[in-house]
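I opened the notebook to look up a few contacts. My notes follow the model shown here.

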Amino acid sequence: MKKITAVISSVNETTTNLVNELQSSDLIEEIFLLSGEVNSFPNAQIINEKSLYQTSTLKLLSDKIKSEYILFLFNEQNIFFDKPSIEKFLAAAIENNSKITYSDYYEIKNNKTLEHPLIDYQIGSIRDDFDFGYILMVNTSSFNRAVQLTKVSYNYAGFYDLRLKITEEEKINFQDYFVKNIHHIKEFLYTIEKNSAPLNYEKQFTYVDPKNRSVQIEMENAATEHLKSIGAFIKPPFKEIALNLEKFDYEASVIIPVKNRAKTISTAVESALSQKTDFKFNIIVVDNFSTDGTTEILKELSANHKNLIHIIPERKDLLIGGCWDLAVHHSQCGKFSVQLDSDDLYKDEIALQKIVNKFYEEKSAMVIGSYLLTDFNLNEIPPGIIDHREWTNENGPNNALRINGLGAPRAFFTPILRNIEIPNVSYGEDYYLGITISRDYKISRIYEPIYICRRWEGNTDSSLSIQKINENNFYKDLLRSKEILIRINKNRSNDN
């Protein structure tokens, strides 16, 4: 029977029990524990390293581990599992010839045990926050090979870099988005009890929090090297934009898709109407069959403002992306299509002017601003300003494949947008447009907040179930998978 080395990432109040459980399994050959007193853990070897995320720690383990598989336990949260779980991990790894194996798990929350399913790993699952859970089984040969290939000594991105290098062992199959050497066991093989958990919005914006900047730089470097390795890396120069080639009645259109936002639509529209510009603009509101009074509010507003176009679609199957597509193909849509969500606001009266100025200054196909995160009453909430300073002109289009969002407000050169089929979805359509446009055209950024994003109980993403989070993440991974393959093909065509 193949033997396993267990590696435990940290010490907490349940570590002794965890070590003893592992020691009782016939499959566990040895146990390594990061930090801790030797006398406290006689059944484990202590490694005086700070973190499993450091390259130096992984290299040390590579020199020490002789078994065929490594079971990594990230026990920053308390982990409990039955003895058969280890056998199931090993059996799945052998049967599927997988280099990384992970499973669904149970989570104890508020004294209730809940199922926590995970999603399958794709070519586009290169974001550094992909959820593998808290236990991973890794093939030792692949682990050693990845460690040897590591050129940079990371403090934070070591394990992320390792995972990406392991996926590179498998030749990319253009007929399949899934990475076969990473196997997801669709069974709940262990239980975790969280010591603490960030609020949804705190977790969602971790990657743009300035205090995490050094971490993000390392993650970007690792992701960039991965994209170069698989042939998906792109670089300037970008296609030039002829901003004055076509004539438009309006210079800009503020586009607001809405459904049942009677509580917020007035302030959103008024925020757009109040813009002070040196050009002609309008507001196009696509009212997607509201039933809560939103339609009546918009009828009254449009009666009093000639530059407010209130559209009720003929089709009843439109989601946010479909509403956008309808608006940008409207005959009165302006040269630049500018986002405003139905429960958000522009920060001041010159936001629209700043966006349009940026298009002309940098000849861009898309402009993305920065925003302030607030509650419904406009009180600032953590992490405050979201400015996506991880974006750079040199590497932004590549780093965009590592992260889950590009920021707001988003604005587009309408002729470019009209040539892209906007997905008829209510999540990820903006991200799709960003990564698609960045493949060939310049995207510009405004790093000062020009937009207010309100978080309240009515938001569609204010409190999502794990099933919905998984659905969203799977969709964006799929978008990334498709985009990576397109970029690989593009690079191969250019090389030929």
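These entries cover a helix pair, an asparagine and some salt bridges.

**Helix pair.** I am working from a predicted model. I looked up H14 (residues 429-438) and H15 (residues 466-495), whose axes lie 10 Å apart at an angle of about 10°. Because angles under 35 degrees count as roughly parallel, I logged H14 as roughly parallel to H15. From H14, the contact uses Tyr431, Tyr432, Ile435, Thr436 and Ser438. H15 supplies Lys476, Leu479, Arg480, Glu483 and Arg487. I noted the classes in this contact: four nonpolar, two polar and four charged residues.

**Inside H15.** Arg487 and Glu483 form a salt bridge, at 2.8 Å from N to O. They sit four residues apart in helix H15, so about one helical turn separates them. I found both Arg487 and Glu483 buried.

**Asn282.** Is Asn282 buried or exposed? I recorded 0% relative accessibility, so Asn282 counts as buried. Asn282 belongs to strand E11 (residues 281-287). Its side chain makes a polar contact with the Ser253 side chain at 2.5 Å. A polar atom of the Asn282 side chain also lies 2.9 Å from the backbone oxygen of Gln332.

**Other salt bridges.** How many salt bridges does a search of the whole structure find? I got 24. One entry pairs Glu107 with Lys109 at 3.6 Å, N to O. Glu107 is buried at 5% relative accessible area, whereas Lys109 is partly exposed at 41%. Another entry joins Arg315 to Asp317, with the closest N and O atoms 2.9 Å apart. Arg315 is partly exposed at 47%, and Asp317 is partly exposed at 44%. I also noted a salt-bridge network that links Arg127, Asp129, Asp477 and Arg480.

Definitions and conventions: Residues numbered from 1 in each chain as written. Predicted model: local features only at pLDDT ≥ 70, side-chain atom pairs only at ≥ 80, totals over all residues. Heavy atoms only, no water. Axes fitted to C-alpha atoms, helices over the stretch in contact; angles between N-to-C directions. Helix = DSSP H or I, 4+ residues; strand = E, 2+ residues; numbered from the N terminus. Parallel < 35°, antiparallel > 145°, perpendicular 65-115°, else oblique. Contact = heavy atoms within 4.5 Å. Nonpolar A, V, L, I, M, F, W, Y, C, P; charged D, E, K, R; others polar. Buried < 20%, exposed > 50% of the residue type's maximum accessible area, 1.4 Å probe, protein only. Polar contact = N/O pair within 3.5 Å; in protein donor to acceptor, adjacent residues only side chain to side chain. Salt bridge = Lys/Arg side-chain N within 4 Å of Asp/Glu carboxyl O.
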